[in-house]
Amino acid sequence: MDRLKALGRVLPRVVVAVAAGALLGFAFEPHDHPWLTIVAVPLLLAALDGISMKAGFLVGAGFGIAYYAVLVPWLSIIGGDAAIALAVLEGLFYAVFGLFATQVLKLKLWMVWIPALWVATEFATASVPFGGFPWGRLAWAFSDASLGKLAAYVGIPGLSFVVAFVGVLVYAVLRRAGGLRLRAVALVAGLAIVFGSSLIHLSIQGDGKTVKAAMVQGNVPGKGLEFLGRARTVTKNHMNATLDLEKRVQAGTEMKPDLVIWPENSTDIDPYKDDETRADIEEAVRAVGVPILVGAVTEGPGPNERQTTGIVWDPVTGPGQRYAKRHPVPFGEYIPFRNQLLPYIKRLEMIGAQTVPGVGPGVMPINGVTYGDVICFELAYDNVIQDVVKGGAQVLIVQTNNATYGGTGQPEQQFAITRMRAIETGRTVLIASTSGISGVIRPDGTVEHKSGQFVSDVYVATVPVRDGHTLATTLGSWPEWILTGLGLVGLVLGLIARRRRRGDDPEPPPAPDSTRTREKVPA
């Protein structure tokens with residue numbers, strides 16, 4: 001009976017948390033309502049405040065599962081069970097957040113510890129398991145909002161802290177705790193952060209040096225998983241689009257590029273080993289007379305292994321520099337515990353050979369300009385971006401293939417992440433996709449060009465070449481380490497305070513001894 005009563009008390013809070021998680025999912029593309037972050041975070045904190053750690057675990061789980069169910073429904077293209085499994089897995093991280101937040105909320109400096117604990121949670125989701133899944137960071141929602149400009153100074157983890165902090169300030173005002181002065185300070189601080197960010201101006205100018213690049217989106221012959229069996233058609237689509245580009249250059253209606261960029265999977269057939277694929281690439285390269293960065297799947301290095309690569313194909317010397325994707329997608333490009341799972345999940349056989357991660361960043365000097373090549377999902381990993389910028393990348397390139405997820409909202413989410421990377425690094429980002437979204441993003445995050453999906457699109461842009469560093473790229477991973485450390489400190493302090501409170505509770509009086517013989521009362 002007591003357990004049923006306890007469940008009845010926590011159930012309304014779980015409902016509030018589920019609603020908060022769903023609202024947070026709508027803050028991101030393709031819905032794009034970032035202001036919902038400062039509604040969702042206070043709602044979650046209200047649901048967690050004043051309850052036990054066990055109840056906090058349930059509340060946090062409800063929030064996290066609902067959040068990812070709304071954020072990544074596009075995974076249902078692979079299978080509904082995959083979407084559910086990911087939502088539950090990521091929801092468990094927020095369950096742990098809820099578990100400890102119940103105690104951190106009781107500390108005097110809870111307004112600092114809570115957003116730091118949020119960053120620690122995002123760090124965990126971006127790290128484990130299988131390299132993590134950093135798709136649900138608060139910062140990604142602000143690619144089109146003034147608050148997003150702060151990423152140039154504090155990086156993506158720092159921006160997530162600021163967003164969570166604003167949500168915490170809102171809750172501090174609503175909580176009616178700490179006195180009128182504290183609530184007034186919280187209100188003023190929140191307004192200062194929001195309106196102060198609108199005054200930030202990010203320069204998009206470099207030292208005057210520019211480069212011309214062409215992004216080729218050749219399109220694919222089908223949607224969803226249909227395109228996977230039509231590799232040669234995809235390659236020829238990109239070859240033909242490149243040949244058409246050169247015809248326009250010869251006619252004087254288009255600028256001649258210094259570099260042509262083909263997307264990830266522009267050939268799924270190894271051009272080192274397949275004569276027809278190699279001939280198609282070389283025909284395109286000879287026509288434009290400049291290097292093409294080809295997105296190719298290559299065989300090896302071991303048997304039944306492959307790599308997703310970017311290969312610089314020169315019109316004179318042929319294939320040269322090569323970058324292999326460092327963060328292949330688990331259960332999308334490779335199968336963890338392959339030998340154990342394949343006998344039971346036959347659908348995984350569609351993945352084919354195991355994709356082996358590359359070693360080293362995609363830093364590519366081409367004709368006097370250093371490019372940083374990043375392939376698809378690994379765009380969301382901080383270390384990949386930091387490594388190419390530290391390696392001297394003056395322009396960033398994203399080669400991607402979102403054909404599987406076209407029309408599901410995933411390409412829009414990835415494009416928003418790309419915009420945040422442009423702001424964070426102060427670099428132009430050139431995006432080439434097989435079927436969309438391709439485009440050009442300026443160093444301040446504004447969009448120069450954005451293609452449609454499942455159309456052929458070729459765009460030539462003149463973009464600045466930049467050597468300078470933003471404060472975010474100078475600091476590197478330090479903000480994330482510091483904020484994660486603060487979150488863990490708050491967690492420990494919350495547990496210590498809980499133990500002290502338990503120690504200070506007076507012991508209950510001893511129960512009466514029912515075995516003692518009662519005194520007889522005379523009749």
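## Aromatic pairs in the fold

Y94 is buried, with a relative accessible area of 1% (buried is under 20%, exposed over 50%, partly exposed in between; 1.4 Å probe, protein chains only). Y68 is buried as well, at 1% relative accessibility. The model is predicted, so local features need pLDDT of at least 70 and side-chain atom pairs pLDDT 80 or more, while totals for chains, interfaces and linings use all residues. Residues are numbered from 1 along each chain as its sequence is written, and side-chain values use heavy atoms, without hydrogens and water.

Searching the whole structure turns up 20 aromatic pairs (Phe, Tyr or six-membered Trp rings with centres within 6.5 Å; stacked under 30 degrees between planes, edge-to-face over 60, tilted for the rest). One of them joins Y68 and Y94 in a tilted arrangement, with 6.3 Å between the centres and 45° between the planes. This pair links distant parts of the chain: Y68 sits in helix α3 (residues 53-71) and Y94 in helix α4 (residues 80-104), 26 residues apart (helices are DSSP runs of H or I, at least four residues; strands are E, at least two; both numbered from the N terminus).

F130 and F337 make an edge-to-face pair, 6.1 Å centre to centre with 70° between the planes. Here, too, distant parts of the chain are linked, 207 residues apart: F130 lies in the loop between α5 (110-125) and α6 (151-175), and F337 in the loop between β5 (318-324) and α10 (338-341).

Here are the four partners side by side:

| Residue | Relative accessibility | Class |
|---|---|---|
| Y68 | 1% | buried |
| Y94 | 1% | buried |
| F130 | 35% | partly exposed |
| F337 | 55% | exposed |

Y68 and Y94 also belong to one aromatic cluster, together with F28, F63, Y67, F97 and W118.
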